[in-house]
Structure formats: C-alpha cells, structure tokens
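Trainee: I would like to go through this model with you, one contact at a time. Can we start once it is on the screen?

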Amino acid sequence: MSDVVFTTTTTTTTTTTLAPTWDLVEATIAENFVRYLDSLGNLPGGQIILRYIKSSYKNDPIRSLFELALFIFALNYFLSSKKKENKSELVKFSQREIDELCDEWVPEPLIKELSDLEKWQMYSIPTIEGHNGSHVTINNKKVVNLASSDFLNLNESESVKEAAKSTISNTGVGACGPPNFYGTQDVHVRLEEDIAKYLDGENSILYGQDFVTAGSVIPAFLKRGDLCVVDSGVNFAIQKALIVSRCNIEWYDHNDMDHLEEILTEIKPVMDKQRPIRRRFIVTEGLFANSGDVVNLPRIIELKNKFKYRLFLDETLSIGVLGATGKGVVEHYGVPREEISITIGSMAMSFASSGGFCVGANPMVLHQRIQSIAYVFSASLPPYAAKVASQAIKEITSNLNADGSSVIVSQLQKKVTFAYEKLVSLSKSSKFFEVASGPHSPIIHLALNTQYREELNLPTLYGSPVFLSTGKPSKFLNEFDDYYNIESFLLQKVIDYVLDHSSTLISRSKLILEHENLPVLAPRLQIYINNGVTTEELSRLVQILPIAFNEVLKNVDSELKLISLNSEIGNYKPHYINY
Amino acid sequence: MARKERVLTANIPNAAPDDRPQEVLDELEYGKLSTKRYLYVSKHPVGEPLPTPIDDEPPYIIYLATYISYLILIIIGHIRDFFGKFFKPKEYADLIEKDGYAPWYDGFESFYVRRLKIRIDDCFARPIHGAPGRYVKCFNRIRHGKTGYLYDGTSNECLNLSSYNYLGFAQSNGVCTDYALGCVDDYGTSACSPRAISGTTDLHQKCERVIADFVGKEDAIIVSQGYGTNANLFSSIADSKTLVISDELNHASIRFGIRLSGASVKVFKHNDTKDLEKLIRNQIAQGQPKTHRPWKKIIIAVEGLYSMEGNMCNLPEIVEIKDKYKCYLFVDEAHSIGALGPGGRGICDYFSVDPARVDLLMGTFTKSFGATGGYIAGDKYLIEKMRTNYITQVYSESVPPAVMGQIISSLSVIEGTLNPGEGQERLQRIAFNSRYLRLGLKKLGFIVYGADDSPVIPVLLFLPAKMPAVSRMLYDMKIAVVIVSYPATPLISGRARLCVSAALTKEDLDYVLQKFNEVGDQIFLKFSSGIAGGSKVEGEPPRWAIEDVLATNVEDCKKPKLGYFN
C-alpha cells in the first residue's frame with residue numbers, strides 16, 4: 001500500500017512546484033521509491049518481501065504495476081465482500097420522503113383474529129380434569145379415553161411413577177443446562193444405553209422434545225447439494241426438516257415401491273458420475289402419521305442397498321407398538337436394525353415420558369452431539385423423564401410371554417386387531433365411512449366413504465401440490481379452506497355424539513392446513529387404541545360409531561346442505577369445561 | 001489398612017447413594033443467607049438512559065497471540081490430517097467414502113471438532129449427578145485413548161457457576177419438589193398427547209393462567225421445550241411477506257424459527273438502536289425486494305438478556321422505536337424472566353416498561369424456575385388464534401405434569417403466595433450476588449462483559465490455551481465454570497461464562513474471587529484497562545489486592561453504578 005501513496009504524492013508535487021524536467025522527476029521517484037522500500041525492511045518480515053521484490057521485478061516496471069493493480073483489486077474485493085446487497089435495486093429517498101412513507105405505512109395485524117368459522121377448532125379441544133390415561137374425567141364425567149398416544153397405558157403404571165418420583169427426589173425437576181454444559185446426568189447416559197440396547201443400535205442420543213428431533217437430525221447430515229428421495233406422505237416434522245436442510249428432494253408416491261425404484265433408476269446415471277459422492281438418503285416413516293400405513297420396509301432395504309442410499313426412518317408411532325417386543329417396524333418385518341442408518345422416535349408416546357431420540361451408528365450419533373442444533377442449543381431432557389423412559393423400556397421387555405413377545409405389547413396388538421376387524425366389517429354396510437388405516441396401526445383412521453364424498457363434491461386432496469411438483473415449498477401459506485373446515489366439523493360432530501352417548505373420547509386428524517407443505521388427505525376420525533381399555537369398552541364404541549355417523553350425516557346429502565353447515569359452525573359452543 | 005481398589009470403567013457409573021443427613025444435603029443445594037446485608041433490589045432507574053456496556057480490550061499482544069495460537073493449531077491440524085490419512089487410515093475411516101457411500105460428514109466440517117475441540121474435550125460435557133444447585137457433583141474421569149474416558153465412580157463436588165439456576169430452584173427437597181411429586185401422583189408422568197388432541201388438562205390451563213398473570217399478559221401458551229417454543233413460533237406469525245428484524249446475537253432457536261417461517265430477515269448490530277431505527281426506516285421506504293410493495297408487517301426480535309454477552313436489550317428505546325414505526329416487538333426472556341426486576345418479572349419489570357407495550361413475550365422455565373419448557377404470552381386474541389395454528393399445539397407433545405408442578409409452585413414462591421418471604425429473598429440474593437461477583441472480578445482486573453445487574457458474567461480469556469487451563473484449574477479448586485469459544489463466540493473472544501445463582505452465599509462468592517485471583521495471577525488473565533470501571537484511581541488499570549476487594553465489596557456493589565468511585 002505504501003507504494004501507492006508514494007507514487008501519487010510525488011507526481012503531484014513534482015508537476016506543480018518543480019521545473020518539469022523528466023530526468024528530475026525520474027530521479028525523485030527512484031530516490032523516494034528506494035527509501036520507501038528500505039523502510040519496509042524495518043518491519044518484521046519486511047526483509048523477505050524486500051528481497052522478493054528486488055529479485056523478481058528488476059527492469060520490469062509494467063509487471064510490477066500490473067501486480068500492484070491486482071493486489072489492490074484483491075484487497076478491495078475482500079473488504080467489500082461483506083456488503084453483498086444489490087444497491088442498484090434500491091430507490092433513493094430523501095429523509096423527508098422516508099418520514100412520509102413511514103407515516104403512511106399501515107401494517108397488518110400481527111395475527112389475524114380467529115374468524116367465526118375457525119373458533120370451533122379452539123372450542124373443540126377437550127380438557128381432561130385430572131389424571132390422563134385410559135379412563136379420564138371430562139365435564140365431570142368418567143369417560144374412556146381413546147385419544148391418547150400413550151398406547152401401552154404406562155402413564156398409569158405405579159412402577160413408572162415410582163421411578164419418576166425417586167429421581168425427582170434426587171435431582172429436582174429440570175436439568176438446568178444444555179447437555180454439553182453440565183446438563184448430562186447419569187440417568188441420561190443410562191437411558192441412551194437402554195435405548196441403543198433395546199433397539200439394537202450402536203448408540204443413541206436424546207432430545208428434549210419429540211417434534212424438534214427430525215428438524216435437527218436431518219439438517220445435521222443433509223446439506224445443500226445432498227440428495228434425499230422421500231415418500232410423499234411423510235409427516236409434518238419431516239417436511240419442515242427437509243425444507244430447512246435445503247437439500248435436493250425427489251418425491252416418490254406414498255409407499256409405492258415401484259415408483260421409488262423407477263426414480264432411483266432414473267437418477268442413477270447422474271449419481272454414478274457424481275464426484276465426490278454426496279450423501280444420499282431415502283426418507284420415510286415406519287408407521288405413517290397421516291395415513292396409518294406401515295412402510296414396505298423389506299423392499300426399501302433391498303432398493304437402498306442396490307442403489308447405495310442410506311435410510312432415514314421415523315419410528316415415532318411404531319416403537320412400542322409394532323413387533324413382538326415393540327421394537328417397531330424393524331421387528332415387525334424381522335430385519336436387522338443396522339440396515340437403518342438413522343432411526344428417530346419419541347418418548348412421549350409409548351414410553352409415557354417426554355422428549356425424542358435418535359439411534360444409529362457411533363459416528364452418526366457423535367456428530368450430532370456437536371452439530372445438531374436442538375441438542376446443542378437447548379436444555380437437556382429433565383432427568384426424571386429419562387428415568388421414566390428407562391423404566392418403560394423395562395416394563396416392555398421384562399414381562400414376556402412364553403413365545404418371547406412382550407405381554408403388554410401383544411395385549412395392545414390384540415386389541416388393535418379386534419377393533420380393526422370389527423370396524424372393517426361394519427364399514428362394509430355403512431354408506432358413510434370406511435376404514436382408511438392399515439391393520440397394524442394403533443390409531444385406526446376412519447374416513448368418510450369415498451362415494452359419499454364424491455356425492456358431496458368434496459376434493460380428494462386439500463392443500464398445495466407445489467412442493468411435490470417443484471421440490472421447493474410454496475412461498476405462501478395455504479388459504480383457509482371451507483370444505484376442509486366443514487368436513488372436519490362433521491367429524492367433530494361424530495366425536496361429540498360418541499362422547500355424549502357412549503362416554504368415549506375419540507379424536508380426528510388435526511393438522512394445521514395453512515402450514516402443511518404437502519397435499520393433505522381428507523380429515524379422518526382417529527381412534528387411539530389403548531392397552532388400558534377393555535374389549536367390552538371397545539365393542540361399545542364400535543357399536544355406537546355407525547349410529548353416530550348416521551345421525552350426523554343423514555341429512556347432509558348434497559353440497560348445498562354441506563355449505564349450509566357454516567351457520568351451525570358459527571354457533572358451535574364450547575363442548576368442554578374450561579378452567 | 002487395606003486401600004479400597006477402585007475399578008475403572010469406560011461407562012459413566014451410577015451415582016452412589018448419598019447418606020449425609022438431609023439438612024446437609026439441603027444446604028449443598030441452597031445455601032442459607034447469613035445476613036440481610038447481602039441483599040439488593042435490581043431495578044433500572046426510570047427515565048435514565050441505559051449505560052452502554054463498555055467492552056474493554058486487552059493489550060494488542062493478546063490479540064496477536066490469540067491469532068497466532070489459532071494459526072498454529074490450524075496448521076498443525078492440517079499437517080496431522082495430511083499425514084494421518086496416509087499412515088493411520090483407520091482413524092479417518094469416517095471421513096472417507098466407503099463402498100459407494102459418502103462419509104457421514106466432511107473433513108472440513110469436522111475439522112474444528114477433530115483438531116481443536118478434542119484437545120480440550122474434558123472441559124465440556126462433564127457428566128454430573130444430583131440436583132445442580134449450589135454445588136454440582138461431577139463424575140471424575142481421566143482421558144483414555146483419543147476420545148474415551150475412564151471413570152472411577154467418585155465425583156467432585158464443585159461450587160456451581162455453570163448451571164442455569166438463577167433463583168436457586170434446582171432443589172431435590174422442599175415445597176416445589178413436593179408439589180411436583182404430587183403432580184406425578186395426580187396426573188402421571190407424561191402428557192400423553194399433543195395439546196389439541198387430548199393433551200390438555202386442567203393443570204395446563206392453571207399453569208398458563210399463572211404464567212400469564214406473572215408476566216402481565218392476557219393469556220399464555222406453554223410448550224414442552226424452550227428451543228421448540230422459538231423454533232416453531234415464527235411460522236404462526238410471519239410469512240414471506242413479513243420482515244423480521246433480528247439482533248445479530250439472537251439465540252440459534254430464534255434464527256432457526258425465522259428460517260423455518262420463510263420470512264425475510266434483516267439483522268441489526270447488537271443492541272444498537274440507532275442502527276435498528278435506520279434499518280426500519282429504510283425497509284419501510286424500500287418495501288419488499290424487487291416488487292417494492294410495502295411489507296405486510298415488521299417484527300423486531302430481541303432477547304431480554306443475551307446469554308453469551310450478559311447484555312440487556314435497550315427495551316425503553318426499542319419500545320419507543322417500535323411504537324413510532326408501527327412494528328411488532330418479540331422479546332425472548334429466556335434468561336431474564338425470574339432473574340431480573342424487583343418482582344422477578346423480567347426485563348419489563350426491570351425497566352418499568354408496561355408489558356402491554358411488548359406484543360409477544362417469550363420465556364423459558366429452565367433457567368430461573370428449575371423446570372423445563374417455554375411459554376409465549378400475549379393478547380388474548382393472539383393466543384386464541386395460536387391455539388389453532390401454533391405448530392407445537394398440534395404436532396408435538398405437551399408439557400408433562402411434573403414440570404408444570406415445578407413451574408406453578410416456583411412462581412407461587414416468587415409471588416409470595418407459597419412460603420411468604422422466600423421468593424423475595426431469592427430475588428434479592430440473585431441481584432446482590434450478580435453485582436458482588438461482577439464488581440469483585442472487575443476490581444481484580446479481569447475483563448468482564450455485560451450489564452451491572454446481569455447474572456451472566458462472561459470473563460474474557462481470549463487465548464485458546466487459557467480456556468482449558470482455567471477450566472481445569474478451577475475444577476481442581478472445586479469450582480465448575482463453562483468455557484465458551486468459537487463458534488458460539490467470535491474466534492478471538494473465548495471466555496469463561498459464570499452464571500450466578502441465588503443459591504450461592506456471599507462466602508461462596510468470596511471463595512470464587514479468591515480462586516479466580518490465584519488463577520488470574522498464575523496464568524496472566526488480568527488484562528483490564530479500567531475503562532469499564534473497577535479502578536481505585538480513575539484512568540488506571542484496576543489491580544486490587546484480594547484482601548481490599550473482600551473488605552470493600554459489599555458496600556461498593558450496592559452503589560448505583562458499579563465500579564465508579566467518587
């Protein structure tokens with residue numbers, strides 16, 4: 001830099017004050033130049049630079065100037081690289097104009113108030129008075145609870161509660177710190193070992209909340225330029241995780257293995273040429289939350305090995321439910337866990353605790369301990385919750401039948417089969433509903449009968465197809481959909497009828513339509529089978545359901561009548577006591 | 001006498017039962033207050049401008065040495081990587097393509113962890129057991145091989161300046177614990193379902209009522225994790241036509257949440273309200289990029305207390321700006337709720353700002369209340385809408401009963417309805433302790449960042465080699481601190497972060513000051529120039545003798561402005 005300063009100053013002074021003899025100018029330049037160069041030698045390391053300049057630029061001033069220009073350009077480039085903003089797009093305003101614009105600007109409200117057509121959604125959230133479990137109190141009435149994700153009913157287990165209490169009496173409630181800063185306790189480590197052992201994985205890692213698990217694990221491994229091939233029926237958590245990771249996405253039709261194979265074959269030539277190889281995943285769920293189907297795992301494993309993809313499997317709903325000892329779809333199909341590179345799951349479902357986890361190979365888990373943001377930047381799971389989950393795994397695995405299956409898991413599976421078969425046979429004679437989930441799903445989905453929906457002119461899918469067709473999520477939220485709202489409302493009426501007439505609480509698929517990025521299936525009634533409920537109670541529900549559907553839907557036989565329900569929606573009163 | 005041979009194991013052992021009497025254990029979780037002199041009420045004088053926090057700078061030689069240290073570490077790391085790949089391919093197996101599969105992570109991505117962090121790995125993730133109250137019990141371990149540890153089953157009981165336990169509610173015995181245990185009996189261990197399906201109990205509604213009343217808002221929603229609260233919030237309030245203006249030091253969860261919502265983001269200089277105003281004015285004038293249509297709305301996102309710097313946001317000025325330009329204001333009170341203000345009601349309470357002037361108040365239960373999870377508090381219409389369109393309400397687990405028990409009971413203690421007087425004492429102890437320790441460190445000559453009343457006290461270390469030194473020396477002196485370096489802080493300002501707690505006594509803090517003094521002398525940590533206060537004579541670097549500090553600190557730390565003696 002000093003050279004630049006030198007040249008400009010001397011030329012100006014010489015041209016103005018001294019006689020313009022070229023020799024003199026040259027002499028001054030030479031003299032000053034050498035002086036400056038010599039002073040460079042006083043700086044630490046300057047001698048080396050000096051020697052370099054002297055030896056390489058002898059008798060070649062043009063080259064020196066050229067290199068100097070390059071140096072200035074590089075310096076300018078590095079200094080200005082922080083201001084990337086495209087200035088040409090900005091409009092120039094004076095301060096007064098900005099003041100006026102600020103005065104004129106009228107923002108929208110922070111959130112749009114609930115409209116009359118939406119309020120019923122809030123009013124229809126049930127409030128349980130006291131203990132949650134298979135039998136609960138609602139509106140001062142004892143009812144059977146078939147809306148709880150605690151499928152094995154361990155929330156009512158005394159030994160599980162005892163585990164929680166003894167830990168709270170030792171460690172307090174909260175963990176008071178992130179896992180990497182004094183937030184990891186012995187109980188956390190025990191649970192990680194227990195989960196890894198239970199699910200036959202090498203190692204495992206815990207998260208403080210189930211929903212954030214996918215959203216943190218996927219972006220830790222999938223970056224821009226990586227590829228994942230994804231089932232188009234995946235749940236909301238995975239949709240969001242994929243968007244955040246910014247990786248390339250290919251969709252295959254929901255659970256359609258032939259389509260998956262087609263896509264993998266199609267992109268194989270491109271993938272073969274890729275150097276270096278990028279990470280590639282097949283992303284799917286074990287038991288689909290949206291549709292209640294079980295993934296075709298054997299075929300996927302075959303394909304992933306053939307095309308060399310890793311498999312990400314979300315077992316949130318399937319662990320504790322599928323397989324003889326509740327180890328999920330992996331046990332259901334009898335394939336080894338090591339075939340699945342990343343398994344995530346929830347402890348807030350069958351384990352009657354809270355938080356999420358991820359199981360897999362050592363390097364994968366260790367990488368998350370530093371790079372997974374929900375692990376690094378949030379407090380640990382409460383120690384008692386870790387102990388509860390450990391105890392739940394013990395409850396599942398220690399009490400076995402003669403054939404080696406877990407007692408409580410097999411009890412649950414029998415109840416699922418019982419209710420499923422009953423409902424399938426009843427649905428055949430009903431004009432209004434059909435069973436939409438698979439035979440193994442502990443959440444039985446009842447959808448409105450396809451033909452009946454056609455008569456009412458209801459669309460097959462709601463939401464936006466943009467994400468599926470372009471691989472990039474739509475920039476806009478889904479609009480409020482009248483039909484989706486009414487269809488959900490009809491199901492709510494069935495739920496209310498069942499609650500009033502047979503003291504059983506069931507639920508429906510509750511999705512936030514405006515946030516969903518993939519096309520959304522029509523709303524469904526959902527029955528969460530619970531191990532604490534007897535077959536008599538299930539029979540009672542099965543009997544009342546066709547009646548309930550009939551009562552609610554018998555007068556709704558045209559699109560016009562459907563739309564006219566909007567007036568009823570506006571008048572829906574809270575069905576539950578609010579405190 | 002036969003010495004008992006200890007068995008070394010690679011796995012973290014289970015903690016041995018502690019058979020000391022209950023009073024002793026209680027005292028180890030929450031120290032008794034010796035005299036009422038050690039109390040202080042934290043409150044910002046109304047109308048007075050917030051003093052700009054002065055970040056002292058060390059001599060240039062320290063900066064130079066820090067850069068050179070990192071340069072050496074990086075060069076040696078690369079050399080080792082280069083040769084290691086030839087001579088020890090096994091160690092690099094995870095970084096190399098195998099049978100057509102890409103490695104789990106890139107060598108470049110993991111360089112920092114493999115070559116820098118691993119050298120000081122023992123200073124992180126120390127496993128503990130028991131309630132992390134006044135003392136924290138860390139399992140002793142020795143390095144085994146490159147990555148493993150060996151444990152002998154013993155643990156080191158350290159004074160706890162590491163956990164987020166501002167009000168000292170991390171206790172395993174007492175009214176709050178009893179209440180939490182009762183909730184397990186009455187409600188179970190799990191919430192069983194998302195809120196919208198069947199996870200709402202009367203306890204959830206009670207808890208939300210209590211927290212809304214406490215922070216002074218109409219209604220509130222509770223969420224089972226603090227990180228998840230922020231990470232999912234912005235999707236409900238912002239879309240691609242919304243501009244979110246975010247402080248550059250906002251927590252990762254806020255940044256993640258904004259990214260998830262797809263909203264446009266602009267970042268303003270940390271706590272610089274002039275920069276904020278300029279940015280807002282320009283953005284309102286320019287509108288959305290390309291189309292120049294006006295923004296639908298502008299949301300300012302700031303934190304009440306910044307966890308790495310110990311700074312408070314300049315709430316009074318931000319509220320003025322927000323009103324002037326019709327923006328909405330979101331304040332993350334993760335660290336400030338409970339810890340600041342005469343009533344513990346957070347940053348609004350501290351600055352005497354009406355909570356109604358902040359549109360959304362968010363906070364967590366982890367730091368001050370000894371529980372876990374977070375909340376969003378706002379106007380009734382906001383919260384009602386969010387009950388139907390807030391992601392966590394529908395897609396994730398709800399708050400488990402024991403946690404709510406802890407929240408409700410600790411808030412009752414703070415408000416004085418449970419154990420009257422105890423809450424007051426806790427609030428005034430954290431205020432006193434924060435000021436006492438901060439001023440003591442300043443007087444000794446350490447560079448300390450942050451506001452006077454902040455319970456987060458970062459002590460600057462700069463050089464990477466000093467981080468493990470401080471951590472290990474203090475650990476041997478039975479003090480547990482957290483060291484933070486790049487990437488959580490800028491590369492050159494590695495620091496030890498002290499989190500003060502109401503559970504600590506004044507005597508504990510004296511011990512900490514004494515030990516810090518020793519360590520500071522031994523490894524040359526006293527860099528401060530005095531511009532941030534603490535000097536005996538104005539303009540001179542403060543280097544008080546420890547005896548003088550201890551003799552004067554109680555009175556000095558109660559003066560309105562720390563470290564300026566006239």
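Trainee: Which side chain of chain B meets Glu118(A) in a salt bridge?

Mentor: The model is predicted, so side-chain atom pairs count only at pLDDT 80 or more. A salt bridge needs a nitrogen of Lys or Arg within 4 Å of a carboxyl oxygen, so a distance of 3.2 Å, N to O, qualifies. The partner of Glu118(A) is Lys385(B).

Trainee: How many salt bridges does the rule find across the interface of chain A and chain B?

Mentor: Polar contacts link 59 residue pairs between the two chains, with both residues at pLDDT 80 or more. On the side of chain A that touches chain B, 58 residues are nonpolar, 34 polar and 29 charged. For salt bridges across this interface, the count is four.

Trainee: About what area do chain A and chain B bury between them?

Mentor: The contact involves 121 residues of chain A and 123 residues of chain B. Of the buried area, 60% is on carbon and sulfur atoms. The total is about 10700 Å².

Trainee: Which three residues supply more of the area that chain A buries against chain B than any other three?

Mentor: Together they supply 10% of that area. They are Trp105(A), Leu110(A) and Tyr182(A).

Trainee: Within chain B, is the crossing of α5(B) and α13(B) left-handed or right-handed?

Mentor: Helix α5 (residues 202-215) and helix α13 (residues 401-415) of chain B pack at about 35 degrees, with axes 10 Å apart. Their contact residues divide into 11 nonpolar, one polar and two charged. The crossing is left-handed.

Technical notes
Residues numbered from 1 in each chain as written. Chains lettered and ligands numbered in written order. Predicted model: local features only at pLDDT ≥ 70, side-chain atom pairs only at ≥ 80, totals over all residues. Heavy atoms only, no water. Contact = heavy atoms within 4.5 Å. Buried area = accessible area lost by both parts, 1.4 Å probe. Polar contact = N/O pair within 3.5 Å; in protein donor to acceptor, adjacent residues only side chain to side chain. Nonpolar A, V, L, I, M, F, W, Y, C, P; charged D, E, K, R; others polar. Axes fitted to C-alpha atoms, helices over the stretch in contact; angles between N-to-C directions. Helix = DSSP H or I, 4+ residues; strand = E, 2+ residues; numbered from the N terminus. Left-handed = near helix turned anticlockwise from the far one by under 90°.
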